Amino acid sequence: MIFFYELKKLVLSPLILSLAALCVLVNLTFLLVERDGLEPMGQTARPADAVAARTVPIFEGYRTADIAESYIRWYRLDGTNAQRIRNKYDKLQPVVDRKAAVGEKPPVYFSGRMSDFQVLLFGKLLKFISQEIGLLALLAALLAAAYEQMRGTEPVIYASKTGRRVQLPKLYASLTVSALLSVFVIGASLLIFFALFNFSVPWQADVSSVFDHALGETKPFITWHDLTVAEYLWATIGIGIGLALGCCLLGFAAGTGLRSAYGAFGAAVFVLAAFDLIARAPFLPVGSIFKSAWGLNPMWLWRNSGTWFTDGRADMLWANFETLGLCAYSAAFAAAAWGAYHLLRRREIH
Amino acid sequence: MRLFLYELKKIWSWRVLALLAAFAALVWFSILRGDVQTYKTLSHYASSFGPYQREMFDKYGPTLESEELADYDISGKIAALEGELDDWIASDPLFTGNGISTYAEYEDFRSQDRDSMDKEEYEKFSEITMQMDRKLWLDEYWNDPKKQFTSPYVRLGMLSNLNDTYTEYERNIGHYLEYENQPVAVEAARQILAKHNNSLVPYNLKGTASGYSTVVGVFVILATLLLVSPSLTRDRARHIHPLQYSSTVGRRILLIQWAAVTVSACVFSLVAIGASATALLTTDMSAYFGVSMLSMNYGSIQSLYEITFGQYLLLLAVMIVLLSMTAACFAFVLAKFSTNIIGAVLKIVPLGLAFWVLYLSAISEPFDPRNALFRSILHGRVVMPELILCVVLAAAGLLAAVIVAARERKADIL
């Protein structure tokens, strides 16, 4: 019962609803601007290339070691850092061999304008959406966690045993509302995308065959697992929602663990800023374990959403880094939320 | 005055200042320190002009006159380096094994018709030219620009760029005028042509200052919002405002709070700009305060207006202070409609993000023909649109805040 009351408070919060609507509005504006900026079909499509490329088996004889060497050269790596990059791409070779051996998935490599849509949907729109729903989840959790303190009802609530446990339904309510808001923002934004653009792709074809190349690079789009375009879209959405729920846990941990609501907001923002800024710092060399481990954080994952399920460029040393990062940080934030909840139950309220 | 000081005291809480100091440290170690170090490295040996442009500046001052250009003798230096390269190439088996014994022959070798080659020939050709390039560039010293600079090929490239900028400027500006159709950019190119592109402003000076100021600007705006936000809703959250509004002095409290917020924003932004500028000016940048930014270096216009580097930095600082003040004023207005801190945060977060996007899309790379506001939105018809935008936003922010504060003096408390 308490859960539903808490859920009602959040779902009917005009501010949270306005923020969700604002996110959709921002995405709509962005897509309209992008649509105007896209060159007419005739100027980017290269039908001759597309037809010729359909007969080229792109993965046959493709060596992932070449990708490793190009990164090693680009970042000027040597020693163990370079060796780690080579080891990762050696592990990717069987994936490429398997893709080359599978005959039923037609290679539609260099299919003209695919690249523009690929970049727009997976490189930009889904990146923005993941960040927006993460922020919404964080703010919703902060609102839920600090609600009683803000309203001055804390001393009344904490006088009873049930009241001392009220944070738990609040956590479940904020997780539920984060999921609901995520579904709303993703659904509305994708609806707008598909209404504005003719994204006619073979949804059941292998994503590595349909997409021209890895975002912003010249190598093919190689996923560790065989995914169709539809599966890839769903998987990306899943990771995005997972990260939003992780942010919700972070917001809840901060809101419950710190007495000051503004302090909780500042702490959560500081943690996210530290994730992002330290990942950019020059003292973390590419190819090092620390750089790769630091890159599992939600901020880095958001910034590189276009590389999810692929090799993750030279920054990442492990396969399925997005799932690894999501699990690791969700567990860490959940532990923090759980710890904050238990501390609150025993805290003196002044 | 005492109330104003009390409001200031509320804003400058040591906890928030500690949080901002931690943010500032993160930004410094992650981004800004690297920018300063990169500038220092590029200034000496690794930029497109190497140390030559700076050498000319030290020798001839902020402008380069025609007799000074003749005195520097770029073509003589290029000829000497080509001779040095000829000797090097003639003694290297990689080149002689492919029938190349002079630099001119190497250039001919590289410019072969690649379309006529089959796949195998093309791959072999690419491999050989790559090996030659790596040798000429002294690629094994990739992380030591000073050693790489000992290569005559590297120095030759730098001197060619210098020659292109100061001797061939008429041709470059002619090309630029052929393709440029935006009035302010065209006028700037004509002015550069009229003054014989004589400014010795270093190539990487503006890019470094502009990129650095973008990071500082975004940090200052977001930090200002973090600084001023907590105090704005405190009275309402603690239900003190009915008490305040029962007296004439209390009725003025919003005006006082607004003044405190605006002053805090200005002071904080000036302190942050001063601290970050000090770090930047530990490089040789302060020597270039008097040099004109109206110049075409390496085919691109540095600044569209006849301003010195010192004025350029001053304008950047003014824009950051104006935007910081504007952000504080809008935060003040939004906080007025919030009864608690989380309510205010939920409104101020989108405001901060909007300012962030605005800064990156419209204010970064100011006074540059590539600035998005100048080129894409105003189509190069307006002079200094970045500054105008900041002034208009600041005026709007101040007006909105004053209206909100003034209306409160007669508002009914329900």
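**Charged pairs across the chains**

A:Glu34 and A:Lys124 form a salt bridge whose closest N and O atoms are 3.5 Å apart, a salt bridge being a side-chain nitrogen of Lys or Arg within 4 Å of a carboxyl oxygen of Asp or Glu. The pair links distant parts of the chain, since A:Glu34 belongs to helix 2 (residues 14-37) of chain A and A:Lys124 to helix 7 (residues 114-145) of chain A, 90 residues apart; helices (H or I, at least four residues) and strands (E, at least two) are DSSP runs, numbered from the N terminus. A:Glu34 counts as partly exposed at 22% relative accessibility, and A:Lys124 is partly exposed as well, with a relative accessible area of 30%. Here buried means under 20% relative accessible area, exposed means over 50%, and partly exposed lies in between, with a 1.4 Å probe and protein chains only.

This is a predicted model, in which local features need pLDDT of at least 70 and side-chain atom pairs count only at pLDDT 80 or more, while totals for chains, interfaces and linings use all residues. Residues are numbered from 1 along each chain as its sequence is written, chains are lettered from A and ligands numbered from 1 in the order in which they are written, and side-chain values use heavy atoms, with hydrogens and water left out.

Over all chains, the structure holds 27 salt bridges. Side chains of opposite charge can pair when their charged atoms come close. In chain A, the residues A:Glu6, A:Lys9, A:Glu148 and A:Lys170 are linked in a network of such bridges. In chain B, the side chains of B:Asp133 and B:Arg110 meet in a salt bridge at 2.6 Å, N to O. This pair, too, links distant parts of the chain, with B:Asp133 in helix 8 (residues 119-136) of chain B and B:Arg110 in helix 7 (residues 103-110) of chain B, 23 residues apart. B:Asp133 is buried, with a relative accessible area of 18%, whereas B:Arg110 counts as partly exposed at 26%.

A further salt bridge joins the side chains of B:Glu306 and B:Lys195 at 3.4 Å, N to O. B:Glu306 lies in the loop between strand 2 and helix 18 of chain B, and B:Lys195 in the loop between helix 12 and helix 13 of chain B, so the pair ties together parts that are 111 residues apart in sequence. B:Glu306 is partly exposed, with a relative accessible area of 47%, while B:Lys195 counts as buried at 17% relative accessibility.

What else can be found in these two loops of chain B? The loop between strand 2 (300-301) and helix 18 (309-336) of chain B holds B:Ser303, which is buried with a relative accessible area of 0%. The side chain of B:Ser303 reaches the backbone nitrogen of B:Tyr305 at 3.3 Å. Not counting residues up to four places away in sequence, B:Ser303 touches B:Met293, B:Leu294, B:Ser295 and B:Phe367, where contact means heavy atoms within 4.5 Å. The loop between helix 12 (183-194) and helix 13 of chain B holds B:Ser199, which is buried with a relative accessible area of 1%.

The nonpolar interior comes next. A nonpolar core is a set of buried Ala, Val, Leu, Ile, Met, Phe, Trp, Tyr and Cys residues joined through side-chain atoms within 4.5 Å. Of the 226 residues in the largest such core, those that touch the most other members are A:Leu121, B:Met56, B:Tyr106, B:Leu162, B:Phe309, B:Phe332 and B:Ile342. Domain 1 (2-47 + 203-408) and domain 2 (52-167) of chain B both give residues to this core, so it lies between them; the domain bounds come from an automatic or database domain assignment. Leaving aside neighbours within four places in sequence, B:Leu162 is in contact with residues including B:Phe49, B:Met56 and B:Ile74. A second, separate core of 18 residues includes A:Ile67, A:Leu77, A:Ile85 and A:Leu317.

Between the chains, 27 residues of chain B are in contact with 26 residues of chain A. The area buried between them is about 2,400 Å², of which carbon and sulfur atoms give 81%; buried area is the accessible area (1.4 Å probe) that two parts lose on being put together, summed over both. The count between chain B and chain A is 0 salt bridges.

Notes
A polar contact is a pair of N or O atoms within 3.5 Å; within protein, one must be able to donate a hydrogen and the other to accept it, and residues adjacent in sequence count only if both atoms are side-chain atoms.
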